[in-house]
Amino acid sequence: MVLGRHAGAARFAFNQCLAMVKDALDTKAKTADGSVRVPWTAFDLINSFNGWKRSAAAGRVWAVDSAGRATLQSAGLRWRSEVSQQVFEEAAVDCGRALAAYADSRKGKRRGRRVGFPRFKRKSATVVSFRIRNKTTAGKATIRVGDVDAGPRTISLPKIGILRVREDTRRLRRMLRNGRATIRYVTVSHRAGRWTISVTVQAADLHPARRHPAPAAGDQQGWVGVDRGLTALVVAADRTGREVVRVDPPRPLRTSLPRLRRLSRRVSRARRGSINRGKAVARLARCHRRIKDVRAHALHEVANHLVNTHDRLVLEDLNTAGMVRNRWLARSISDAGWAQLARMVGYKQQWAGGQVMTADRWFASSKTCSVCGAVAASLTLSQRVFACAVCGFEADRDLNAAANLAVWGEQHDAQIRDP
């Protein structure tokens, strides 16, 4: 298969670039020679791989002349012309990024968990994917979406040809035609029995009619608090406690759990290495993929609704990684996708020209009374109604938390504007 051949070429190029780096490091350590150059950046790795693929180290052939004498000649990587050369270059770029992340992590320049030295990609444990950059040849882009001769739901890739796609490409074709977007590169991946093409474009800002108007000077109101939970996925309210959005969680994992357990049992009961086990693993992977797609679709709808209807949102900083350590709530929290929803709201609101603030993690939004501001001593998860012991105010706990988040946004907006 053409796509599988390109994915294998990308994995091969990554492993070869990493092997050249490790060989250079070993040679430098053994000889203590400072003149040994280690290809570390993407540019050096591309040049090193291009030189290697044409050398005798990549491949040799026996040539017999008319006199019957056999000589060994350099042939290089003989199958390199069967795939797009950009696949090799992008694999070298990925190897350079992995090396840069490792170096920055050791020097303390990279935040987050420590990054180890890159490892070789195994065929059985690596996502099948490759990337192709868009170039212009003779005034024509090498990556084209919806050619007139090919049809609207097609994409043309260099060295591969025309591929039919399932999704509608009308909006993308219109943006490309009007000059509002430019294709940068295309990533082709294979997961759960399906090939997916992701087109990365450099697009202009949204039309002014679809962007939020800039707030007036001194306007500190209009903030909407967004509380994320398990009983209700999202509850949004303003500072007065008026509920504006309430969405129930889709719970795709809980819905598909009986089928997921059945498919998992079939995998565990099949003999390792058998064809039936491979089929069972593929069915299980498709089930997991559907759960992921259903969750992502629901979260996109919620994020779009929040961003399209409100220009200033306040979310709470949830310690999701710590919450999933609770054995009683880990499955439900993972099924809700709180962190993914916050990420979607963040970049969608940025596109729309709105504002998103993140409340302090230790702000007691659920235990604080939205009317008098008194903080309750305790509030268990089973208590779905907040009752204030000071003023007697009662409200749904999620609605009360959303109102407190809206108030927090107005207060901190004032501090930011007038320090």
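Predicted model: local features only at pLDDT ≥ 70, side-chain atom pairs only at ≥ 80, totals over all residues.
Residues are numbered from 1 along each chain as its sequence is written, and side-chain values use heavy atoms, without hydrogens and water. Local features need pLDDT of at least 70 and side-chain atom pairs pLDDT 80 or more, while totals for chains, interfaces and linings use all residues.

Select Phe 12 and Trp 79. Their ring centres are 5.4 Å apart and their planes stand at 70°, so the pair is edge-to-face. (Rings of Phe, Tyr and Trp, the latter by its six-membered ring, pair if their centres lie within 6.5 Å; planes under 30 degrees apart are stacked, over 60 edge-to-face, the rest tilted.) Phe 12 belongs to helix 1 (residues 2–31) and Trp 79 to the loop between strand 2 (70–74) and helix 3 (85–107), so the pair ties together parts 67 residues apart in sequence. Helices (H or I, at least four residues) and strands (E, at least two) are DSSP runs, numbered from the N terminus.

Next, select Phe 130 and Leu 157. These have the most contacts inside the largest nonpolar core, which has 38 residues. Such a core is a set of buried Ala, Val, Leu, Ile, Met, Phe, Trp, Tyr and Cys residues joined through side-chain atoms within 4.5 Å; buried means under 20% relative accessible area, exposed over 50%, partly exposed in between (1.4 Å probe, protein chains only). Helix 1 gives the most to this core, 11 residues.

Finally, select Leu 233, Val 234, Ala 303 and Met 344, which are among the 19 residues of another core, apart from the largest one.
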